[in-house]
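Good morning, and thank you for coming. I would ask you to keep the sequence and the model in view while I speak.

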Amino acid sequence: MNEILGFEASRSGEMYDDLSPVFSEMRKQAVKATTEYNALYGKDEQKREAILRNLLGSAGESPFFEPDFRCEFGKNIHLGDRFFANFDCILLDGGEIRIGNDVLFGPRVGIFTTNHATDPEERAAGGCYSKNVVIEDNVWVGANVTINQGVTIGKNTIIGSGSVVTKNIPANVIAVGNPCRVLREITEQDKTGYQSKRTLT
């Protein structure tokens, strides 16, 4: 399989050969890079960030993963400014993962863009397909959340801990559950006065 065509197929939603040597080698390189990135935690933050930027498709200002971070390829991941992921984040990026500015992940958040084929013979032969995931600005994803392929989460939204997100979630809401559903809108009543107190100090 041509490397470019194979990788483009994985991002297009078409079926592709997940067992291809191209993908196997790319996964090995991603494992090596994330292992080095995780090992440098608290030792050399400049080198650590350089490894991350080389691994990912793109990253804005101050991207940060607590250890241990793992991804499938890395090149399909695009982070906005000030992204923060707590411990044990997994991003399986057969399809693209696009994350906006000021997004927070709790511990053990996983995004999974790829599914194996439904037909058992196709599945055994390595058949897979991917769908992109988009997380817009100012989203907070709670601990132990699973985000499945093809999902968009709108800006300012909170995804409650333990949720499994299988469909799009709109902006400015709190959503929870398995499958994840909108609980309520975020409103002005959610303000606590924290910002004004912070300004005074």
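I shall begin with the whole chain and then turn to particular residues.

This is a predicted model, in which local features need pLDDT of at least 70 and side-chain atom pairs count only at pLDDT 80 or more, while totals for chains, interfaces and linings use all residues. Residues are numbered from 1 along each chain as its sequence is written, and side-chain values use heavy atoms, with hydrogens and water left out.

Let us start with the overall form. The protein chain has 5 helices and 20 strands. Here helices (H or I, at least four residues) and strands (E, at least two) are DSSP runs, numbered from the N terminus. Along the principal axes, the C-alpha atoms fill a box of roughly 60 × 40 × 25 Å.

Next, the surface and the interior. Of the 201 residues in the protein chain, 41% are buried. Buried means under 20% relative accessible area, exposed means over 50%, and partly exposed lies in between, with a 1.4 Å probe and protein chains only. The chain exposes about 10800 Å², and carbon and sulfur atoms supply 52% of that area. Such areas come from the Shrake-Rupley method with a 1.4 Å probe; for residues, only the protein chains shown count as cover.

Among the contacts in the protein chain with a separation of 6 or more, 28% are accounted for by residues 24 or more positions apart. A contact means heavy atoms within 4.5 Å.

I now come to one particular place. Is His78 buried or exposed? His78 counts as buried, because its relative accessibility is 14%. This residue lies in strand β5, residues 77–79. Leaving aside neighbours within four places in sequence, His78 is in contact with Gly57, Ser58, Glu96, Ile97, Arg98 and Ile99.

Glu96, one of those partners, sits in the loop between β7 (90–92) and β8 (97–99). Glu96 counts as buried too, because its relative accessibility is 18%. With which side chain does the side chain of Glu96 make a polar contact? The partner is the side chain of Arg98, at 3.2 Å. A polar contact is a pair of N or O atoms within 3.5 Å; within protein, one must be able to donate a hydrogen and the other to accept it, and residues adjacent in sequence count only if both atoms are side-chain atoms.

Finally, some details of the backbone. Pro67 and Asp68 are joined by a cis peptide bond, with omega about -10 degrees, and Asp68 is in the loop between β3 (64–65) and β4 (70–71). Another cis peptide bond joins Asn178 and Pro179, with omega about 0 degrees. Pro179 belongs to the loop between β19 (173–176) and β20 (181–185).

Asp88 is not a glycine, yet its phi is positive, about 65 degrees. Asp88 lies in the loop between β6 (84–85) and β7 and is partly exposed, with a relative accessible area of 30%. Asn156, also a residue other than glycine, has a positive phi near 70 degrees. Asn156 is found in the loop between β16 (152–153) and β17 (158–159), and a relative accessible area of 28% makes Asn156 partly exposed.
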